[in-house]
Amino acid sequence: MTAGGEYKGLRVTVAGLGVSGVPAAKALQGLGAHVTVVNGTAGERQQAEAAELEALGVTVRLGDGDTLPDGTELVVTAPGWKPSSPLFAAAREAGVEVIGDVELAWRLRGPGAAPWLAVTGTNGKTTTTRMLAAILTAAGLRTAAVGNIGVSLFDVVLGEQEYDVLAVELSSYQLHWAPGIRPHSAAVLNLAPDHLDWHGSMEAYAADKGRIFHGNKVACVYNAADPATEALVEAADVEEGCRAIGFTLEAPRMSELGVVDGLLVDRAFVPDRRNSAQELAETADVRPAAPHNVANALAAAALARAFGVPAGAVRDGLRAFRPDPHRIEQVAVLDEVAYVDDSKATNPHAAQASLTAYEHVVWIAGGLAKGAEFDELVAAAAGRLRGAVLLGADRALIREALARHAPQVPVVDLERTDTGAMSAAVAQARQLAAPGDTVLLAPACASMDMFSNYNQRGDLFADAVRAALPDTAAHS
């Protein structure tokens, strides 16, 4: 059962089409609201989406995303729209509330709705959320991985399927526009500069991430190796009795989950956490068992344990979990060189986690930097690098960081941006690599300068690698 009667007759403007705006418009129209969708662009995809909505009675205005429609009483925005957009300035001047699609979905939850276990962080959100859903499923709970993960929250909130608990991935954009959500428990996996062109500053970015802790009921899960995440817990206004729970790749302290002798262990949700720990799984149960992915598993386990999931379900869920493509995925081994696709490493923090997983690396990197800097990343990885192949709009930033911090590393700078650029990058990396090395696509940048998305970038890398394989080569 859902709420939503208060939207009948309400004049709502939805900002943006796409995977967020279209479901929001449909949901509001179904609740009896008078819905107008505005969108700044008017390409073929937008025209097709507009036609679909107009057939349902929704008004769609393409090519003008700046002007607030007359009579608007509420604005619901897709998460990517910047707070500085003229539309929102007009809404503020008119005294009209602006919320995001996640906030709207939260408000549409009915009595007895499934609680949310929420996940955010600069990197690892999707993997952790899917791990969490796998653990909850292994415990026999009705669940779904939703939110920024690509599954619309409206389908869950307004659908007929009943759930016991939801694993909800939330981006900083979504959290900015969702002041009212109150998860059962939540985790911030890590914090590193990202999307600063959108948020305006690291402080604003961190504050939006920290919204996920507000109102938590049982546990605020933080990364013990990242003090900034613990600071967000300390600043959060939570319900009485809510606990701060850390996760670490070291032996856990009291009220932490951690690793001891190859085992994932819990010293937070056990009767005598001062003197004992509960074994949850082996690190070998985590695939891939790279350090940052083990950290993801610990965060997922912490949220599941906060919900009362037994230890055995953590192990069974992690064993059943299969990571999404383009996340530190080994494509093949050729001439004793491993080729690994981590196209999802779209910022320096993610790339650093990936680089740390391998001893000797020929690094393929570059793309859109989004305001990021690369000195810290390159300085940390310098001892591992056997070569670097750079491509994309902001490759010069990485090349300059390499010159400063790893001048001994041979660098190939690819100017080409055509469809064969990734094949050329793989060919250059093959020439730089020696047996025992790993050729690693961990771009540290966004993909949209040359590719449709990080998926296409990773697919082209894998295609180029496989094209070089003899018929008898073993694929991983």
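## Fold and surface of a predicted protein chain

The protein chain comprises 17 helices and 20 strands, where helices (H or I, at least four residues) and strands (E, at least two) are DSSP runs numbered from the N terminus. This is a predicted model, in which local features need pLDDT of at least 70, side-chain atom pairs count only at pLDDT 80 or more, and totals for chains, interfaces and linings use all residues. Residues are numbered from 1 along each chain as its sequence is written, and side-chain values use heavy atoms, with hydrogens and water left out.

The radius of gyration is 23 Å, which agrees with the value near 23 Å for a compact globule of 476 residues; the radius is taken over C-alpha atoms, and the globule rule is 2.2 Å times the number of residues to the power 0.38. Further values for the chain are tabulated below.

| Property of the protein chain | Value |
|---|---|
| Span of the C-alpha trace along its principal axes | about 65 × 60 × 40 Å |
| Residues that count as buried | 54% of 476 residues |

Buried denotes under 20% relative accessible area, exposed over 50%, and partly exposed in between (1.4 Å probe, protein chains only). Of contacts (heavy atoms within 4.5 Å) between residues at least 6 apart in sequence, 65% join residues at least 24 apart.

Serine 423 lies in helix α16, which covers residues 421-432. This serine 423 counts as partly exposed because its relative accessibility is 41%. Between serine 423 and alanine 406, the C-alpha to C-alpha distance is 25 Å, at a sequence separation of 17 residues.
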